[in-house]
Amino acid sequence: MLFRSHNTDSHHWGFILGTALDFISGRELFTEVFIQYGAGGPILYKLVNYVWPLTYTNIGLITVATYAGTMLLLFLTVERLGSTSLAALVTTLALLVHPYSVYPWGDYFAGCALMASCYLLLQRDRGIAPAVWAGVLLFLAFLFRNTYLVNLGVAAAVYVLATLVFPRIRDRGLFIAVIVFALLTAGYFGMLTLQGKFDPWYLQNFGAATTAYGVNASNAGLALIYRILYPEIFATGVFSGLLVVATYAAFSAVFSKEPDERAPYVFFVSILGAT
């Protein structure tokens with residue numbers, strides 16, 4: 001009724017605005033404010049509120065600008081890895097699958113941080129600073145959407161293990177980024193533990209699947225997969241095709257007979273996309 005009468009989605013948008021306003025009013029994250037996606041959103045909006053009082057409108061504008069920036073970074077990253085025509089094709093496909101931001105979820109901010117990190121990792125000719133910032137951005141991607149920890153952790157682990165078998169994909173910049181990400185994540189977990197918030201953090205970000213569909217802890221893993229995939233079944237089908245391409249790119253980077261300085265990045269980004 002509220003949506004029909006006032007064109008306001010008080011559930012999807014109201015949840016984001018409500019948690020931000022609770023945090024702005026002084027309530028504690030995870031213990032007094034339910035944070036389903038990550039602390040990055042409320043922290044960002046609290047900073048925004050200092051200079052621009054928070055409303056549905058500016059939340060929407062910030063989300064749209066972030067998504068537009070993600071598409072630009074996607075184009076620039078793929079162009080650096082491949083060619084302008086390939087970058088145009090990939091960006092067009094991404095826009096066809098998801099042409100505009102729908103809800104102000106943390107995914108948009110996490111995705112932008114992830115793409116910015118990938119782009120910085122390609123700036124190998126500018127010293128270690130881009131790699132350090134790339135690691136910081138990987139952490140921000142996790143902070144905005146905590147379930148990204150699975151993707152980032154798997155990608156980092158696979159890359160590090162693969163370098164033991166395939167030395168040609170070793171790269172100092174990638175190792176620096178992974179180490180910075182790991183240290184920041186460990187520090188964040190340490191802070192949550194000291195504050196007694198680690199258990200609420202886990203339950204609100206990963207354990208929510210045990211109640212979202214009326215299931216218990218015995219099948220929480222399957223429920224989490226269902227919860228993630230079912231609402232996005234079309235996108236899942238499309239990106240399953242992209243998964244094949246990413247996997248092929250990863251193997252090409254490892255086994256290609258022609259030396260290519262981009263091989264480490266192609267491998268890491270491909271595994272990250274595959275997960």
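The model here is predicted, so to speak with pLDDT limits: local features need at least 70, side-chain atom pairs count only at 80 or more, and totals for chains, interfaces and linings use all residues. Residues are numbered from 1 along each chain as its sequence is written, and side-chain values use heavy atoms, with hydrogens and water left out.

Helix α7 (residues 129-144) packs against helix α9 (residues 172-194) at about 40°, the axes being 7 Å apart; α7 and α9 are therefore oblique to each other. On the α7 side, the contact (heavy atoms within 4.5 Å) includes Ala131, Val136 and Phe142, and on the α9 side Ile176, Val180 and Tyr188 are among the residues involved. Its residues split into 15 nonpolar, three polar and no charged.

Next, the nonpolar cores, meaning sets of buried Ala, Val, Leu, Ile, Met, Phe, Trp, Tyr and Cys residues joined through side-chain atoms within 4.5 Å, where buried is under 20% relative accessible area with a 1.4 Å probe, protein chains only. The largest has 46 residues, and Phe30, Tyr45, Phe142, Tyr188 and Trp201 have the most contacts inside it. Helices α2 (12-24) and α3 (40-51) are among those that each supply at least two residues of this core, while α6 brings the largest share, eight residues. A second, separate core of seven residues includes Leu121, Ala134, Ala162 and Ile169.

Methods:
Axes fitted to C-alpha atoms, helices over the stretch in contact; angles between N-to-C directions. Helix = DSSP H or I, 4+ residues; strand = E, 2+ residues; numbered from the N terminus. Parallel < 35°, antiparallel > 145°, perpendicular 65-115°, else oblique. Nonpolar A, V, L, I, M, F, W, Y, C, P; charged D, E, K, R; others polar. Buried < 20%, exposed > 50% of the residue type's maximum accessible area, 1.4 Å probe, protein only.
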